[in-house]
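Definitions are given where each term is used.

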2 protein chains.
Amino acid sequence: MSVTAAKGFTAAGIAAGIKENGNPDLALVVNVGPRRAAAGVFTSNRVKAAPVLWSEQVLKTGQVSAVVLNSGGANACTGPKGFQDTHATAEKAAEVLGRGAVEVAVCSTGLIGVLLPMDKLLAGVETAAAQLSEHGGEKAAIAIKTTDTVHKTSVVTKDGWTVGGMAKGAGMLAPGLATMLVVLTTDADVDAGTLDEALRAATRVTFDRVDSDGCMSTNDTVLLLASGASGTTPEYAEFADAVRAVCDDLGQQLIRDAEGASKDIKVEVINAASEDDAVEVGRSIARNNLLKCALHGEDPNWGRVLSAIGTTRAAFEPDRLNVAINGVWVCKDGGVGEDREKVDMRYREVHIVADLAAGSETATIWTNDLTADYVHENSAYSS
Amino acid sequence: MSVTAAKGFTAAGIAAGIKENGNPDLALVVNVGPRRAAAGVFTSNRVKAAPVLWSEQVLKTGQVSAVVLNSGGANACTGPKGFQDTHATAEKAAEVLGRGAVEVAVCSTGLIGVLLPMDKLLAGVETAAAQLSEHGGEKAAIAIKTTDTVHKTSVVTKDGWTVGGMAKGAGMLAPGLATMLVVLTTDADVDAGTLDEALRAATRVTFDRVDSDGCMSTNDTVLLLASGASGTTPEYAEFADAVRAVCDDLGQQLIRDAEGASKDIKVEVINAASEDDAVEVGRSIARNNLLKCALHGEDPNWGRVLSAIGTTRAAFEPDRLNVAINGVWVCKDGGVGEDREKVDMRYREVHIVADLAAGSETATIWTNDLTADYVHENSAYSS
């Protein structure tokens with residue numbers, strides 16, 4: 001499954017010794033063709049890790065033969081040496097696979113500001129190449145985990161073609177994109193332009209709307225590789241739907257595994273004057289630490305929702321706002337609505353609806369609660 | 001001291017029964033003149049509490065005779081009834097003090113979305129009026145506490161005139177302004193226009209740069225009242241300095257008492273292309289949950305500082321950024337700098353310097369760490 005669910009791909013995941021604890025930390029995904037079309041979306045953080053700077057250049061060719069991914073180190077804020085290391089990694093993979101380095105994308109994740117142990121990493125690329133398999137998708141997904149408690153994979157199979165993928169990410173999930181590495185593969189026979197269009201359309205409404213802690217990573221990368229091995233060229237709409245479905249599923253898995261979270265929170269903004277307004281309001285609610293604490297405490301504190309909406313530039317009148325929590329309209333016309341005692345907060349999923357009463361646009365942002373476990377996980381050691 | 005340090009003011013603080021635990025919850029500050037000039041700064045949250053909407057109108061006259069402040073309820077998101085309640089509070093104070101209601105400002109703090117117990121509040125105004133005293137400033141400061149562990153007062157005395165004040169605020173400290181109520185008084189003989197200019201200049205670089213948890217309140221109010229009782233009209237610059245000094249001191253007290261905090265963090269942005277850039281970068285760093293957790297864990301995780309800088313629109317080149325933590329330049333030219341082991345993180349104060357190498361402007365934002373205690377305090381009960 002995972003990146004090897006679609007025909008025309010092999011993968012491997014191994015322990016190269018980059019992580020001190022000996023866990024798997026290096027994955028390799030290879031497109032064996034016949035087509036090698038690819039598209040990529042990268043972090044909008046202006047401080048970009050070396051592998052992001054490299055892979056952005058690779059993707060400009062619209063062609064990717066292989067992806068090397070490592071956990072155990074982000075290779076971010078590592079200066080010219082860090083970039084040389086990424087380049088050397090691509091060269092090594094190109095050499096062992098008999099491809100050009102310019103067709104090898106590189107992704108890294110882990111602590112910022114530390115150089116990678118290149119001897120181990122380069123040796124690991126050789127080892128991984130020797131283990132490449134049409135069944136290696138699962139191992140690859142496991143090797144890219146950092147603080148993830150589970151590995152994340154997803155597959156959608158259509159009439160004769162497939163889109164599958166793997167993702168890693170648990171903290172620092174925020175737009176543009178979440179802190180995550182994602183590799184999607186398909187055996188559909190589509191060109192790079194189509195891949196790019198479908199991938200951007202999908203990430204805009206999935207990964208870009210997953211906002212765990214408002215923090216934006218230096219390393220986020222989402223790649224979509226097409227082998228053409230199915231010999232089928234689907235209709236664009238159907239293909240885009242499949243890509244979005246896989247992205248949506250992986251995004252949900254990221255939120256469910258967010259560091260320390262005890263609640264998955266769906267923030268649905270309705271009746272906004274524009275989609276941008278809906279997204280801005282949704283993000284403001286999703287990033288409100290006080291609300292996230294209250295929801296952790298199973299307190300349907302709608303005042304904190306209104307307080308968050310009030311910080312935005314979206315079109316709304318304060319005395320026309322309505323808020324529902326888990327189906328109960330606890331705030332009506334900007335004031336007290338139904339009895340908050342009616343809100344059942346016992347379950348992991350929390351559904352907030354914010355009605356701006358200003359139009360007909362809508363957007364949904366996914367986040368999670370703020371917990372003592374999150375604080376512990378992000379203060380007890382460097383990550 | 002507090003609001004009665006300056007001549008021409010009386011104050012009182014009592015337990016009116018608004019708080020269920022019986023703690024003091026109602027304060028009254030009266031300007032006995034001869035002058036009654038005033039200025040005010042209010043939250044920029046678009047969802048404003050009833051007392052903010054009322055007091056904004058009062059301040060348009062440039063004159064305030066009295067301020068009624070209550071803790072135990074924010075009277076925010078309470079609709080037309082909430083506004084009527086604020087109006088009735090001002091009318092009651094006007095009646096017992098023999099002033100016009102339009103000269104009575106009202107401030108409330110506490111849970112959003114709950115109506116105040118008006119019978120208790122109005123009776124409390126009468127009780128407080130009977131206890132007004134030139135020594136009542138301390139009791140008034142105590143009565144406006146919510147989750148504050150200590151009450152906050154400050155006084156600056158100059159040649160023949162004084163500026164003093166009180167503040168409350170512990171969580172939800174964020175610009176525009178922090179979640180706080182502040183009343184400043186002076187016996188300097190200055191007009192409303194001068195008060196307004198001095199107050200705005202002071203809050204812009206003090207309360208507006210205190211950002212505990214990125215959350216902006218619906219109730220923030222800072223008032224400055226002048227009695228003219230000293231008979232002295234200071235030079236503007238000297239007066240503005242004194243107002244800023246009191247605001248700065250109270251702002252520091254707010255940060256030191258922030259909910260659950262174990263570290264006071266000073267984020268100093270230097271060599272920015274503009275002051276706006278410096279403030280934007282400072283806020284981005286101050287609001288980064290991952291960094292705030294790391295600092296709680298005494299981890300000088302400068303990668304999270306760079307990651308936060310990278311999300312801004314400020315002018316900078318990633319490979320020219322420098323970051324010092326407690327005097328050690330752990331990041332130089334966007335990469336690894338001095339040994340992070342040299343950073344001494346044992347003390348409560350943490351000093352981050354972010355050098356954008358893009359100009360000569362500077363700004364300082366104050367925040368605190370993110371702790372399990374913060375989560376507990378904001379999830380265990382409604383606030």
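## Interface between chains A and B

In this predicted model, 52 residues of chain A are in contact with 51 residues of chain B, where contact means heavy atoms within 4.5 Å. The two chains bury about 3,900 Å² between them, and 57% of that area is on carbon and sulfur atoms. Buried area is the accessible area (1.4 Å probe) that two parts lose on being put together, summed over both. There are 11 residue pairs in polar contact between chain A and chain B, counting pairs with both residues at pLDDT 80 or more. A polar contact is a pair of N or O atoms within 3.5 Å; within protein, one atom must be able to donate a hydrogen and the other to accept it, and residues adjacent in sequence count only if both atoms are side-chain atoms. The count of salt bridges between the two chains is 0.

On the side of chain A that touches chain B, helix 8 (289–296), helix 9 (302–309), strand 13 (335–336) and helix 10 (372–379) each supply at least two residues. Helices (H or I, at least four residues) and strands (E, at least two) are DSSP runs, numbered from the N terminus. By class, this side of chain A has 23 nonpolar, 23 polar and 6 charged residues. Ala, Val, Leu, Ile, Met, Phe, Trp, Tyr, Cys and Pro count as nonpolar, Asp, Glu, Lys and Arg as charged, and the others, Gly among them, as polar.

## Largest pocket

The largest pocket has a volume of about 1,500 Å³. On a 1 Å grid over the protein atoms alone, a pocket is an open set of points with protein on both sides within 12 Å along at least five of seven lines, whereas a cavity is a set where a 1.4 Å probe fits but cannot get out; lining residues have an atom within 4 Å of a point. Grid points are joined across faces, edges and corners, and a volume is the space filled by probe spheres set on the points.

The pocket is lined by 36 residues, and Ser284(A), Arg287(A), Arg283(B), Ser284(B) and Arg287(B) lie nearest its centre. Helix 7 (275–286) and helix 8 of chain A each supply at least two lining residues, as do helix 7 (275–286), helix 8 (289–296) and helix 9 (302–309) of chain B. The lining has 10 nonpolar, 14 polar and 12 charged residues.

The whole structure has 1 cavity of 30 Å³ or more, and about 30 Å³ of space lies in the largest cavity. Its lining has 3 nonpolar, 5 polar and 1 charged residues, including Asp85(A), Val106(A) and Asn75(A). Helix 2 (79–97) and strand 5 (104–108) of chain A each supply at least two lining residues; the largest share, 3 residues, comes from helix 2.

Asn75(A) lies in the loop between strand 4 (66–70) and helix 2 of chain A. Asn75(A) has a positive phi of about 50 degrees although it is not a glycine.

## Salt bridges

Over all chains, there are 36 salt bridges, each a side-chain nitrogen of Lys or Arg within 4 Å of a carboxyl oxygen of Asp or Glu. One joins the side chains of Asp187(A) and Lys7(A) (3.9 Å, N to O). Asp187(A) lies in the loop between strand 8 (181–186) and helix 5 (192–205) of chain A and Lys7(A) in the segment before strand 1 (9–14), so the pair ties together parts that are 180 residues apart in sequence.

## Cis peptide bonds

The peptide bond from Gly33(A) to Pro34(A) is cis, with omega near 20 degrees, and the bond from Gly33(B) to Pro34(B) is cis, with omega near 15 degrees. Pro34(A) is in the loop between strand 2 (26–31) and strand 3 (37–42) of chain A.

## Conventions

Residues are numbered from 1 along each chain as its sequence is written, and chains are lettered from A and ligands numbered from 1 in the order in which they are written. In this predicted model local features need pLDDT of at least 70, side-chain atom pairs count only at pLDDT 80 or more, and totals for chains, interfaces and linings use all residues, while side-chain values use heavy atoms, with hydrogens and water left out.
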